[in-house]
4 protein chains.
Amino acid sequence: MSGNTLGLLFAVTTFGESHGPAIGCVIDGCPPGMALSEADIQPDLDRRRPGTSRHVTQRQEADQVEILSGVFEGQTTGTPIALLIRNTDQRSKDYGNILDTFRPGHADYTYWRKYGLRDPRGGGRSSARLTAPIVAAGAVAKKWLHRHHGIVIRGCMQQVGEVAIPFASWDDVPANPFYAPNAAIVPQLEAYMDSLRKAGDSCGARLYVEATNVPAGWGEPLYDKLDADIAHAMMGLNAVKGVEIGAGFASVAQKGSEHGDELTPEGFASDNAGGVLGGISSGQPVTVSLAIKPTSSIRLPRRSVTRAGEPTMVETFGRHDPCVGIRATPIAEALLAVVLMDHALRHRAQCGDVRHDVPPIAGTSRA
Amino acid sequence: MSGNTLGLLFAVTTFGESHGPAIGCVIDGCPPGMALSEADIQPDLDRRRPGTSRHVTQRQEADQVEILSGVFEGQTTGTPIALLIRNTDQRSKDYGNILDTFRPGHADYTYWRKYGLRDPRGGGRSSARLTAPIVAAGAVAKKWLHRHHGIVIRGCMQQVGEVAIPFASWDDVPANPFYAPNAAIVPQLEAYMDSLRKAGDSCGARLYVEATNVPAGWGEPLYDKLDADIAHAMMGLNAVKGVEIGAGFASVAQKGSEHGDELTPEGFASDNAGGVLGGISSGQPVTVSLAIKPTSSIRLPRRSVTRAGEPTMVETFGRHDPCVGIRATPIAEALLAVVLMDHALRHRAQCGDVRHDVPPIAGTSRA
Amino acid sequence: MSGNTLGLLFAVTTFGESHGPAIGCVIDGCPPGMALSEADIQPDLDRRRPGTSRHVTQRQEADQVEILSGVFEGQTTGTPIALLIRNTDQRSKDYGNILDTFRPGHADYTYWRKYGLRDPRGGGRSSARLTAPIVAAGAVAKKWLHRHHGIVIRGCMQQVGEVAIPFASWDDVPANPFYAPNAAIVPQLEAYMDSLRKAGDSCGARLYVEATNVPAGWGEPLYDKLDADIAHAMMGLNAVKGVEIGAGFASVAQKGSEHGDELTPEGFASDNAGGVLGGISSGQPVTVSLAIKPTSSIRLPRRSVTRAGEPTMVETFGRHDPCVGIRATPIAEALLAVVLMDHALRHRAQCGDVRHDVPPIAGTSRA
Amino acid sequence: MSGNTLGLLFAVTTFGESHGPAIGCVIDGCPPGMALSEADIQPDLDRRRPGTSRHVTQRQEADQVEILSGVFEGQTTGTPIALLIRNTDQRSKDYGNILDTFRPGHADYTYWRKYGLRDPRGGGRSSARLTAPIVAAGAVAKKWLHRHHGIVIRGCMQQVGEVAIPFASWDDVPANPFYAPNAAIVPQLEAYMDSLRKAGDSCGARLYVEATNVPAGWGEPLYDKLDADIAHAMMGLNAVKGVEIGAGFASVAQKGSEHGDELTPEGFASDNAGGVLGGISSGQPVTVSLAIKPTSSIRLPRRSVTRAGEPTMVETFGRHDPCVGIRATPIAEALLAVVLMDHALRHRAQCGDVRHDVPPIAGTSRA
């Protein structure tokens with residue numbers, strides 16, 4: 001098992017460093033008999049890909065995925081599915097000035113303290129590049145979840161730095177590079193980002209992701225609760241510093257008479273729970289928000305130390321995201337898909353397939 | 001493995017229902033040779049215990065822990081440690097009015113959807129009573145962490161309902177039933193709680209917990225990052241709807257030049273990271289905040305449905321916490337201890353004991 | 001997880017030492033809705049119990065099991081099932097002469113080397129007493145497997161020391177204390193055992209256990225193959241030194257034209273495979289044999305060393321099995337049940353419930 | 001996790017099908033700071049490689065391994081190590097006659113029953129080709145074990161079909177294609193094999209593998225005992241039908257006064273235990289024997305059925321091993337290495353590094 005695997009029954013083990021020969025993953029436990037090809041995976045990788053707008057890092061990687069195993073004549077066989085993405089555009093010289101120092105806010109220092117050595121090129125395994133394999137795995141999960149349960153997973157930006165984004169429409173999301181559900185605010189976001197890039201600084205972001213049509217009954221009472229596993233996956237995403245489910249931190253000031261979602265024959269009256277009660281899905285939309293910190297790789301000089309403990313200054317040049325959060329939406333969707341997939345299989349293991357004897361209340365799905 | 005175990009190498013499997021014969025846990029992986037007796041565990045259980053003030057539930061449970069295995073002549077043997085707590089004060093009749101209905105905001109509905117049946121007495125396994133075994137396990141972890149690394153874990157309340165609690169002193173925390181680090185505000189909290197109880201309603205809470213002297217190097221790059229595992233454990237605690245590490249959601253509006261903690265020979269200049277970078281501890285304090293929702297068990301009538309889907313009203317009588325968060329501090333401390341313990345052993349597995357060749361920067365500990 | 005759990009989805013964590021307060025286990029992952037009470041478990045514990053004939057150890061333990069959780073109104077709830085067995089007849093003084101020495105063939109030496117200390121009373125966790133909890137868990141698994149798939153699990157003795165036992169009938173097995181499928185040979189076995197006891201020595205045994213009606217399709221291609229998991233469980237039973245599936249070691253001298261079981265419309269023509277091909281069940285009987293070594297606790301004096309490394313002699317008095325194998329049959333059945341249960345749930349997780357579109361060949365069951 | 005991973009802390013997940021694009025593995029948990037390159041791995045792959053003598057399959061695969069991650073400037077970084085081997089010599093047409101039928105003794109039937117479909121080319125994932133990735137991972141483990149503990153792992157053949165091989169010398173093993181520790185018997189083995197090939201049949205084999213210098217203290221009391229995990233890994237190797245530790249099945253007829261290895265200040269007097277007591281290593285050589293069944297792919301016609309259940313005959317042409325066992329020695333060595341590596345890290349997790357306060361008895365190593 002060890003620590004580089006996400007999930008128990010739909011288990012994704014990723015490998016690779018930012019500037020190594022390749023990155024990829026092995027998916028273990030995918031059910032057999034599902035149509036699968038690179039065409040099912042590449043679109044989500046393209047959404048995530050660097051170099052698609054001037055607001056993200058300018059490293060040009062094709063990110064072409066290759067399926068190495070687990071598929072025969074276009075169908076999953078039930079055996080492990082290995083996905084490979086070759087690194088092609090590594091510019092190691094861009095990282096020359098950080099070989100002996102630690103970039104503030106980065107994993108440089110902690111990897112060195114843990115392992116005694118580190119691959120400094122592009123942050124090694126700590127690089128956001130390593131979100132590509134999980135996006136690939138998430139595409140497989142998304143397909144199965146949609147096919148078998150009609151589950152829809154989608155995300156959008158709620159805030160970029162200091163700019164809050166009021167929700168207008170899901171239709172706006174694919175049409176701008178910010179995943180903003182609001183076309184009108186895009187020029188303001190672009191101006192904000194341009195000013196950050198000129199200043200050599202960065203900003204954080206607040207992301208929202210949801211899954212609808214999740215059947216009731218997924219999750220374990222303790223400790224692998226559905227929301228706990230979602231929090232685990234999301235907090236594990238590079239740069240995430242906070243995770244909320246449903247009403248999240250707003251729950252603190254709510255009363256019980258206001259927070260608890262009432263049940264009626266027409267369905268739940270609200271969704272403060274975020275679709276999870278007692279760790280188990282209720283059939284309502286599963287709603288999650290993430291806080292993403294500002295990128296640590298900025299041009300502004302910052303104080304640091306050398307490996308010998310001497311004071312020094314660090315400036316990072318080269319190609320970097322001024323706002324990591326801008327590329328995170330497809331990744332958060334992928335993570336939610338992988339967690340839901342794992343729980344779909346766990347639930348089926350212990351409780352079998354759909355139970356027809358339990359009438360769901362309106363607005364929720366049958367398990 | 002299954003889903004009722006927390007941790008991999010310091011693995012805690014809990015069992016029990018609120019009104020069953022007993023609750024408890026099995027701790028697998030505790031290092032041998034540590035002095036251990038019930039006296040090491042009982043104090044934390046007493047801090048957590050119901051019935052200790054008028055602001056918490058009035059169920060009177062002695063919560064006396066018994067060590068069934070894994071200890072010989074007062075020392076841990078390295079074999080599994082089973083801890084048992086008998087339930088003594090179950091008043092099943094208090095739950096008579098919810099047998100056929102689902103309390104809004106509770107796990108009643110989801111357990112029924114998942115399993116097709118449920119133990120309705122006191123919420124069964126979804127009850128906050130099941131935090132007792134993990135507090136017991138956390139006491140064992142706390143002791144080892146303190147002994148071997150000088151780690152100190154402590155928590156306090158940041159906010160109760162709408163009442164924010166300014167931090168005054170850690171010394172104030174043990175002296176009031178709210179775990180408030182501010183003696184002066186206690187009367188206001190008491191008045192607030194009394195009014196809630198009279199109204200038959202409840203409120204949420206915001207909790208803070210930290211660990212100091214955590215060595216650098218604990219955690220995995222992906223996916224079992226230290227902060228991801230902390231988020232998993234905390235989100236798994238009853239009623240938690242949000243988890244933050246370090247600057248948390250405040251990171252969204254920060255700039256990279258402000259968020260990234262600079263390094264100097266005297267130590268880190270700030271702790272927005274919350275002690276974790278790239279999923280691995282940096283040696284700085286690990287700081288966590290939780291959002292706890294208001295209790296779902298309130299006297300005010302609320303709309304619900306019966307198992308047949310007919311509309312009905314639900315009122316909960318009997319003994320309930322008006323604010324679950326008030327008892328949560330020792331539980332959050334226990335969860336943080338269990339996660340850190342697991343990572344201490346994981347790190348030791350892969351990288352061995354203390355490494356003396358790496359000079360830590362001031363203010364951080366040696367791994 | 002750690003190392004004291006058997007199984008992944010039907011996960012049994014045991015605890016306890018021979019002379020500690022209690023032994024027991026927690027079963028995590030049992031499906032909900034199955035009728036379960038102590039009466040389902042006690043019979044198998046009674047079969048295993050010491051003190052039931054003069055040929056086994058004379059320690060008198062009632063071995064009364066108590067269900068502490070996971071059952072409500074006589075049905076499993078899907079939450080962890082904790083089973084407790086109190087130790088009542090510990091005679092510590094019987095072990096006085098081994099406190100500072102290591103009994104040859106026993107785990108005394110290795111526990112001391114691993115942990116730096118050990119509970120010497122009755123062998124601590126290495127005692128065969130710790131087979132009681134797994135027999136209890138096995139009873140739960142047996143019930144579900146029989147109910148849902150009609151699976152029958154049974155075992156018998158093939159050889160006791162130098163005495164080979166020709167198979168006569170399954171009906172003979174419950175009628176003698178040796179689990180011998182041959183009533184006629186029992187007097188010879190009794191005489192053999194009496195002579196061993198008088199001599200203060202012990203002998204080994206060869207056991208056979210089988211499961212019929214196992215559906216085809218259970219097991220993973222690599223590495224958690226059904227036969228590999230069976231081997232793991234069986235080799236983990238105290239005193240086992242060899243495990244065979246199907247033709248076992250006889251396969252070495254067979255030809256492929258003889259070993260490979262042909263398929264016909266009426267069914268498989270033979271079962272050299274032992275019901276497992278490529279790690280996956282074929283629908284044929286799963287057949288297993290075990291080699292159990294002679295007990296290490298004998299009265300004859302044997303050479304050993306003290307903890308300081310000084311030469312010494314060891315004799316073990318008190319109550320001991322002259323042939324551990326005699327009590328092993330119900331334990332081997334229980335282990336086979338627990339492994340099959342785990343694989344039933346694993347298969348259901350990845351591939352769902354029974355598939356009706358695949359015609360089985362005669363003599364094999366539907367998955 | 002799922003079922004395609006071997007090990008917990010040195011966890012090897014393999015992927016690939018016989019005729020897919022590639023096979024490989026991901027090693028998670030390898031300690032950092034060890035020199036590693038393809039040159040450390042390729043020799044063991046070459047030993048295993050098909051086409052190296054006329055007695056093994058004539059498929060010509062270069063089996064060139066490529067390290068894709070986890071190594072920087074020639075040293076392991078502690079991050080996952082992905083190893084890739086491209087398939088180059090797939091001759092699918094050799095398998096044309098088995099598309100709709102099931103080869104007796106093979107996994108064809110069981111894969112089809114489990115998944116509802118299968119990759120028939122070369123047996124898909126059930127192919128012995130999938131032993132290449134574990135041999136690669138085993139080479140990494142062997143290197144670390146030797147470096148850190150001086151452990152030496154080696155194997156040889158004990159019997160090929162009906163021909164028993166008396167042990168003469170380890171020096172003879174590398175000099176013949178049978179791994180026979182006896183140069184004199186080689187002509188007899190070659191004649192035997194030639195006659196089998198002409199007859200279109202196959203035979204089994206009995207293998208021996210040992211590890212010396214294993215420190216005392218490795219293994220868990222229950223259930224992840226060292227010998228149980230060895231049995232698990234070995235029974236999981238293609239075609240294995242039996243596993244023995246130490247005296248193995250000979251233990252059945254031994255007396256306790258003969259089997260139990262006495263301890264003296266000069267060391268253990270014998271090794272019937274096979275280096276494991278109570279599931280934990282004693283410091284003595286760990287000795288294992290395996291029974292390997294005859295290959296199921298033979299030219300002689302055999303009865304089978306079609307997917308529709310109609311009777312048919314099967315003959316396998318193409319390139320096949322007349323004795324799979326001949327290539328198995330390096331694989332068994334690799335499996336033993338991977339299991340020992342996992343337990344080295346597990347022991348270090350719970351009990352730390354070498355303990356200097358425990359005097360080992362002569363002939364055993366310090367943990």
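**A tour of the interface between chains C and D**

Begin by selecting chain C and chain D, between which there are 6 salt bridges (a side-chain nitrogen of Lys or Arg within 4 Å of a carboxyl oxygen of Asp or Glu). This is a predicted model, in which local features need pLDDT of at least 70 and side-chain atom pairs count only at pLDDT 80 or more, while totals for chains, interfaces and linings use all residues. Residues are numbered from 1 along each chain as its sequence is written, and side-chain values use heavy atoms, with hydrogens and water left out.

Next, select D:Arg302 and C:Glu262, whose side chains form a salt bridge at 3.8 Å, N to O. Then select helix α2 of chain C, residues 108–115, which gives 7 residues, the largest share of the side of chain C that touches chain D. Helices here are DSSP runs (H or I, at least four residues), and strands likewise (E, at least two), numbered from the N terminus.

Now display the whole contact region (heavy atoms within 4.5 Å): 116 residues of chain C are in contact with 116 residues of chain D. Within the area that chain C buries against chain D, C:Arg113, C:Lys114 and C:Tyr223 supply 10%, more than any other three residues. Buried area is the accessible area (1.4 Å probe) that two parts lose on being put together, summed over both.

Move to strand β11, residues 240–245, in each chain: 3 bridges join the two strands, which run antiparallel (strands pair if DSSP finds at least two bridges between them). There, C:Val243 stands opposite D:Val243.

Technical notes: Chains are lettered from A and ligands numbered from 1 in the order in which they are written.
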